[in-house]
Amino acid sequence: MRLGVLFSGGKDSTLALHIAANKEDVACLITLVSKNLESYMFHTPNIEMTSLQAEALGLPLVSVVTEGQKEAELTDLERAITQAKAEFSLDGVVTGAVESVYQASRIQRICHSLDLWSFNPLWKQDQKKLLETLVAENFNVIISGIFAYPLDEKWLGKQLDNQMIMQLLELQNKYGISPSGEGGEIETTVLDAPLFRKRIEILDSAVSARGNSGVYFIKKVRLVPK
Amino acid sequence: MILVVDMNWEKGSLAYGEFVTPIVSAVEPLEECKVRHFSELSPKDLDASSKIVLSGTALKDFVTLQHLDKFSWVRTYPKPILGICAGIQTICKVFGESLTGCLQVGMTDITTVKPNPLFEGNFRAYVLHSLSVAPSSHSFTVLAKSSTCIEAVKHCEKDIYGVLFHPEVRNLQILRCFIELK
């Protein structure tokens, strides 16, 4: 099967890509660049990084800009998938959905209307196991957004490791946050992964944070041979 | 031992994590669990199991409906079976019943229409199917409905249950009740 992966550049879609590429032929990445920082469907911090990540992966990228209004962005998503299907003769689409019925069911409906398969390889997977897999498989994942108490700017730009997983699990026990950010508590950006042919090195960045909400902006980067 | 049958189009498919793993995760804390792809089921697997759960599949996957010969054991298996989505569609076809077109994706309202040991009352569940079952009343009885189709059935004589919705997504209690069936 030839598949397109809905790709935000975060940990879930990159892990979904990793799993899909081990089973089927991934032909392209599909990204919606949302102008709405509080998009219902699409991860937003550093979304522009996806073009560099696609280059690092050696995969073509279909990128479509959306205003990010609640249901209108679904029309933009359908446009992006339609374009990717036509350009790359896709049989199906892969998402990094884990818990969100809202996200998964809307993509299922679009795929059904376009006669495409829809796959969610991380669906309902244990969040601790997902985080541990990322560390064990040498994904370099940094925290690029925090949006919940008691997270603060100290988390921004930090790399996911086993110690951070323990901290996130403690916060889950104490405050009920989702350790993998399923409730939008954290957003991530992937700088390196097993399928990356080159890794991404950050040369300049900035933190913008207020209280328990903040974003790590990646301003200047380069690709480095592995 | 609970035997979970992987109903996806091929062994080790990309859909395994979506349709089989969540069932295994729900069953394992309660009872030993083993997975077999439908194409590789052996009489030994069936004999060793105390109950069987047939998984669902991707919306475009109808492969089990083209391989009903692989499911003839359903007619004679003496212990409880739960078919989820493609699982119950396939079971119904094995018993010569009909399927009917009914596209449902997302959360839907379910109404229990007949008392049963798995669920009761009104509840919401995740559905993902383009076919529902349309059994004749002499072989299957309807347990639950939504506004658009039949959502759960039971064989009139055997402990064979079927749900068109996916209990592994938002209704784990239904899987637990099935595992605890005497």
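Student: How many residues of chain B are in contact with chain A, and how many of chain A with chain B?
Tutor: The model is a predicted one. Counting a contact where C-beta atoms, placed from the backbone, lie within 7 Å, one finds chain A and chain B touching through residues of both. The numbers are 18 residues of chain B and 19 residues of chain A.

Student: Which helices and strands of chain B each supply at least two residues of the side that touches chain A?
Tutor: By class, that side of chain B has 10 nonpolar, 5 polar and 3 charged residues. Both helices and strands meet the condition of at least two residues each. They are helix H1 (16–19), helix H2 (21–27), strand E5 (98–112), strand E6 (122–134) and helix H5 (167–170) of chain B.

Student: Why is one side of strand E2 (33–37) and of E6 of chain B left without a neighbour in the sheet?
Tutor: The open sheet of chain B has 9 strands in the order E2-E1-E3-E4-E9-E8-E7-E5-E6, with mixed pairing. Its neighbouring strands are turned by 20 degrees against each other on average, direction ignored. E2 and E6 of chain B stand at the edges, so each has a single partner strand.

Student: Which residue of chain B stands opposite B:Lys145 in E8(B)?
Tutor: Strand E7 (residues 140–145) of chain B runs antiparallel to E5(B), joined to E5(B) by 2 bridges, and B:Lys145 in E7(B) is the bridge partner of B:Thr111. E7(B) also pairs with E8(B) in the antiparallel sense, over 5 bridges, and a hairpin of 4 residues joins E7(B) to E8(B). In E8(B), the residue opposite B:Lys145 is B:Ile150.

Student: At what angle does helix H4 (residues 86–94) of chain B run to E4(B)?
Tutor: Helix H4 of chain B lies across several strands of that chain, including strand E3 (51–54), strand E4 (81–84), strand E8 (150–155) and strand E9 (160–163). Relative to E4(B), the helix runs at about 115 degrees.

Student: Which helices of chain A each supply at least two residues of the side of domain 1 that touches domain 2?
Tutor: Chain A is divided into domain 1 (2–119) and domain 2 (136–225), and the centres of these domains, taken over C-alpha atoms, are separated by 20 Å. Their contact takes 19 residues from domain 1 and 23 residues from domain 2 of chain A. On the domain 1 side, the classes are 8 nonpolar, 8 polar and 3 charged residues. The helices are H1 (11–23) and H2 (50–57) of chain A.

Note on methods. Residues numbered from 1 in each chain as written. Chains lettered and ligands numbered in written order. Predicted model: local features only at pLDDT ≥ 70, side-chain atom pairs only at ≥ 80, totals over all residues. Contact = placed C-beta atoms within 7 Å. Nonpolar A, V, L, I, M, F, W, Y, C, P; charged D, E, K, R; others polar. Pairing = 2+ DSSP bridges. Axes fitted to C-alpha atoms, helices over the stretch in contact; angles between N-to-C directions. Domains from an automatic or database assignment.
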